Amino acid sequence: MGKGSLRQILLITDGCSNQGEDPVAIAALAKEQGITVNVIGVVDNSPMNEQGVQEIESIAMAGGGVSQIVYAQQLAKTVQMVTRKAMTQTLYGVVNRELQQILGKEQEMEDLSPEKRGQVMEVVDELGETIDLNVLILVDTSASMKNKLPMVQDALTDLSISLTSRMGDNRFSLYSFPGKRKDIDRLLDWTPKLDSLTGIFHKLSSGGITPTGPALQVALQRFEKTNSRRSLISSGEDELLEDSGM
């Protein structure tokens, strides 16, 4: 979890990927790197086809995250719910592994007495409020998503507001795919608030293809670059402290 932070990719899409690498394999790679991949499938009045549902569920499962199919009108509540649920799920897994190291590999949280289990869940809840949260949001802007984008924008603004009560720091970045000339375009660099989103989706031109795998791959690289930058800053700070005799 590195430096007390949770890292999530939130993928918002309405269909199957149809270009590039397998998104399920990329999601599995993300999980190996400690990044949870959550997926929200957005539908209009007609239900999503079986292939689309299967892909959304498989990406989230491979990425250790949460998936949900939702009507566009209900998107705001779903984005908040998925983000929170994924935080709890990740923290639960981390605490469970810690317990296994203390109590032995055979011990699961369910083996604890109700009282002890309650105490552990209190720890998970407290961590959920205090740990730093970094969410890279990846929005499908293929042609079929065009009419849903204003609701996506509202949902992301609501997410930012709903998380402001947390004690931990929240940081968001926003990317769309397909990009104009690349697999994804950056719409918003890391920021604690998404209220600067106003009108951002109205400026986007929707494309026909859905390169979900390549988009996830670039999202992973963005996390790696951020970590590398922080490591350089941290090592620089350490050198300064040493030079000043602290």
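This is a predicted model: local features need pLDDT of at least 70, side-chain atom pairs count only at pLDDT 80 or more; totals for chains, interfaces and linings use all residues.
**View A. Strand 1 meets strand 4.** Strand 1 (residues 5–13) runs parallel to strand 4, and eight bridges link the two. Strands here are DSSP E runs of at least two residues, helices are H or I runs of at least four, and both are numbered from the N terminus; two strands pair if DSSP finds at least two bridges between them. Residues are numbered from 1 along each chain as its sequence is written, and side-chain values use heavy atoms, with hydrogens and water left out.

View B. Six strands make an open, mixed sheet in the order 3-2-1-4-5-6. Strand 3 (64–71) and strand 6 (185–191) sit at the edges with a single partner strand each, so one side of each has no neighbour in the sheet. From one strand to the next, the twist averages 15° (axes are lines fitted to C-alpha atoms, for helices over the stretch in contact, and angles run from 0 to 180 degrees between N-to-C directions).

**View C. Strand 5 and its neighbours.** Seven of the eight residues of strand 5 are buried, so this strand is largely enclosed by the rest of the structure; buried means under 20% relative accessible area, with a 1.4 Å probe and protein chains only. Strand 4 and strand 5 run parallel, joined by eight bridges, and Leu 136 has Ser 173 in strand 5 as its bridge partner. Strand 5 pairs with strand 6 the antiparallel way, over four bridges. There, Phe 172 stands opposite Thr 191 of strand 6.

**View D. Met 145 in its loop.** Look for Met 145 in the loop between strand 4 (132–140) and helix 5 (149–162). Met 145 is buried, at a relative accessible area of 0%. Leaving out residues up to four places away in sequence, Met 145 touches Ile 12, Thr 13, Asp 14, Asp 140 and Val 152, where contact means heavy atoms within 4.5 Å.

View E. Pro 23, Ile 26, Ala 27 and Ala 30 are the buried residues of helix 1 (residues 23–32). Down the helix axis they fall within an arc of 100°, so they line one face of the helix; the arc is taken over directions from the helix axis to the C-beta atoms. Just after helix 1, Gly 34 adopts a positive phi of about 80°.

Note on methods
Buried means under 20% relative accessible area, exposed over 50%, partly exposed in between (1.4 Å probe, protein chains only).
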